[in-house]
Amino acid sequence: MITDPIADYLTRLRNAAMANHRVLEIPASNLKKDITKLLYDKGYILSYKFEDDNKQGIIKLALKYHPETKASAFRSIKRISKPGLRKYVDTNEIPRVLNGLGIAILSTSKGVITDKEARTLNVGGEVLCYVY
């Protein structure tokens, strides 16, 4: 039993990138699907596909690398809000990751969105992770 499925998702993504894997399979959930869509929209992963296996489903990710240096598209993915200590922010406390070069992924009442979208929508929420 996994106590923190989001941390497991991020760790699998981080480990696959460090091992230079091209494709990664992760057990699915709605929150993980939303985070995957956000990472794809912001250009951190190459592509994704949701598959149904008559259980909870599988997310297939194709990781993105720089063509010359073979470096991953993201340098770091860090879990912020943990099950033991949740991190909630108000609209005026939304963090900026690397002065706006990275993204903070938030779970809000408007769905899973980035820090920039949360500022424009003027909503706060739970800070899930930082990606840069």
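**A loop, the cores and the salt bridges**

Modeller: Let's start with Leu98, which lies in the loop between strand E5 (88–89) and E6. Keep in mind that this is a predicted model.

Biologist: Which residues form a nonpolar patch on the surface?

Modeller: Leu98, Leu101 and Tyr132. Together they have about 330 Å² of accessible area. Tyr132 sits in the segment after E8. Its relative accessibility is 34%, so Tyr132 is partly exposed.

Biologist: Now the inside. How many residues has the largest nonpolar core?

Modeller: It has 26. Those with the most contacts inside it are Leu13, Ile35, Leu39, Leu61, Ile105 and Val131.

Biologist: Which elements each supply at least two residues of this core?

Modeller: Two helices are on the list, H1 (5–18) and H2 (30–41). The strands are E1 (23–27), E3 (58–63), E6 (103–108) and E8 (125–131).

Biologist: Which one gives the most?

Modeller: H1, with six residues.

Biologist: What does Val131 touch?

Modeller: Leaving out residues up to four places away in sequence, Val131 touches Leu39, Tyr44, Phe74, Ser76, Ile77, Val97, Gly102, Ile103 and Ile105.

Biologist: What else is there apart from that core?

Modeller: Another core, of 10 residues. Val89, Ala104, Ala118 and Val127 are among them.

Biologist: Switching to charges. How many salt bridges are there?

Modeller: The count comes to seven. Take Arg79 and Asp4, whose closest N and O atoms are 3.1 Å apart. That pair links distant parts of the chain. Arg79 is in strand E4 (residues 77–79) and Asp4 is in the segment before H1, 75 residues apart.

Biologist: Are Arg79 and Asp4 buried or exposed?

Modeller: Arg79 is buried, and Asp4 is buried as well.

Biologist: What about Glu25 and Lys60?

Modeller: Their side chains meet in a salt bridge, at 3.4 Å from N to O. This pair also links distant parts of the chain, with Glu25 in strand E1 and Lys60 in strand E3, 35 residues apart.

Biologist: Why does Glu25 count as partly exposed?

Modeller: Because its relative accessibility is 43%. Lys60 is partly exposed too, because its relative accessible area is 25%.

Biologist: And Arg119 with Asp115?

Modeller: Those side chains form a salt bridge at 3.9 Å, N to O. Both residues are in helix H3 (residues 115–121), four residues apart, so about one helical turn separates them. Arg119 is partly exposed, with a relative accessible area of 30%. Asp115 counts as buried, because its relative accessibility is 1%.

Biologist: Which residues do salt bridges that share partners join into one network?

Modeller: Glu25, Lys49, Glu51 and Lys60.

Biologist: On to Glu126. Where is that, and is it buried or exposed?

Modeller: Glu126 is in strand E8. Its relative accessible area is 12%, so Glu126 is buried.

Biologist: What does its side chain join?

Modeller: The side chain of Arg86, through a polar contact of 3.0 Å. Setting aside neighbours within four places in sequence, Glu126 is in contact with Ser81, Arg86, Lys87, Tyr88, Ile105, Leu106 and Ser107.

Biologist: Last one. What is Lys78 in contact with?

Modeller: Lys78 lies in strand E4. Neighbours within four places in sequence aside, Lys78 is in contact with Leu128, Cys129 and Tyr130.

Biologist: And how are Lys78 and Tyr9 separated?

Modeller: They are 69 residues apart along the chain, and 11 Å separates their C-alpha atoms.

Terms used
Residues are numbered from 1 along each chain as its sequence is written. This is a predicted model: local features need pLDDT of at least 70, side-chain atom pairs count only at pLDDT 80 or more; totals for chains, interfaces and linings use all residues. Side-chain values use heavy atoms; hydrogens and water are left out. A nonpolar core is a set of buried Ala, Val, Leu, Ile, Met, Phe, Trp, Tyr and Cys residues joined through side-chain atoms within 4.5 Å. Buried means under 20% relative accessible area, exposed over 50%, partly exposed in between (1.4 Å probe, protein chains only). Contact means heavy atoms within 4.5 Å. Patches are made of residues with over 30% relative accessible area and no salt bridge: like charges are joined within 9 Å, nonpolar side chains (Val, Leu, Ile, Met, Phe, Trp, Tyr) within 5 Å. Accessible areas come from the Shrake-Rupley method with a 1.4 Å probe; for residues, only the protein chains shown count as cover. A salt bridge is a side-chain nitrogen of Lys or Arg within 4 Å of a carboxyl oxygen of Asp or Glu. A polar contact is a pair of N or O atoms within 3.5 Å; within protein, one must be able to donate a hydrogen and the other to accept it, and residues adjacent in sequence count only if both atoms are side-chain atoms.
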